[in-house]
Amino acid sequence: HLLKVILNYRNKKYVDPSPITLKAGCKEIDCSRAAEQLKNNPRHKGYLEQVSLKQLEKLFSFLRGNLWGQSLAETMEQIQRETTIDPEEDLNKLDDKELAKRKSIMDELFEKNQKKKDDPDFVYDIEVEFPQDEQLQSCGWDTESAEDF
């Protein structure tokens, strides 16, 4: 069994169909590796330079879900779980591969939310005054004096 995906690249004059064939029996597609191979393939490279690696990984995740017999909703839910960080998860218990994946997700989220100089609402030097009328809470670690050490 083969799963054939046809990418239609639109040129100014014509549509160039370019088939990509995956083995249907290969249900354990490594989506990130498949995305890298597709993006770096000389035949597709020129067309896919504007497409992010994450988008291609999602494409392969949808294909893998189809091979597994999942519905579109199930696949989307799985992708959502794989691409978000659970704040309650203990990252110390993850293996290196899973930890690298979580760090990549955090880096991507940081980049997405980061204010850059070119952003219209960027402010270089923000000063914030904190209210002084509230009672300050102290932490246990700062209650001892330096003389106790």
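Modeller: A cavity is a set of grid points where a 1.4 Å probe fits but cannot get out, and a residue lines the cavity when it has an atom within 4 Å of a point. Please keep in mind that this is a predicted model.

Colleague: Which residues line the largest cavity here?

Modeller: Rolling a probe the size of a water molecule over the atoms shows where empty space is left. In this structure the largest cavity is lined by Ser61, Arg64, Gly65, Gln70, Thr75, Gln78, Ile79 and Glu82, and its volume is about 30 Å³. Helices α3 and α4 each supply at least two residues of that lining, with the largest share, four residues, coming from α4. By class, the lining of the largest cavity has five polar, two charged and one nonpolar.

Colleague: And what volume does the largest pocket have?

Modeller: A pocket, in contrast to a cavity, is an open set of points. The largest pocket here has a volume of about 940 Å³ and a lining of 27 residues, with Lys54, Glu57, Glu82, Thr83 and Lys101 lying nearest its centre.

Colleague: Which helices supply at least two residues each to the lining of the largest pocket?

Modeller: They are α1 (31–40), α3 (53–67), α4 (72–82) and α5 (96–113), and the largest share, eight residues, belongs to α5. The lining of the largest pocket divides into 12 charged, nine nonpolar and six polar residues.

Methods. Residues are numbered from 1 along each chain as its sequence is written. This is a predicted model: local features need pLDDT of at least 70, side-chain atom pairs count only at pLDDT 80 or more; totals for chains, interfaces and linings use all residues. Side-chain values use heavy atoms; hydrogens and water are left out. On a 1 Å grid over the protein atoms alone, a cavity is a set of points where a 1.4 Å probe fits but cannot get out, and a pocket is an open set with protein on both sides within 12 Å along at least five of seven lines; lining residues have an atom within 4 Å of a point. Grid points are joined across faces, edges and corners, and a volume is the space filled by probe spheres set on the points. Ala, Val, Leu, Ile, Met, Phe, Trp, Tyr, Cys and Pro count as nonpolar, Asp, Glu, Lys and Arg as charged, and the others, Gly among them, as polar.
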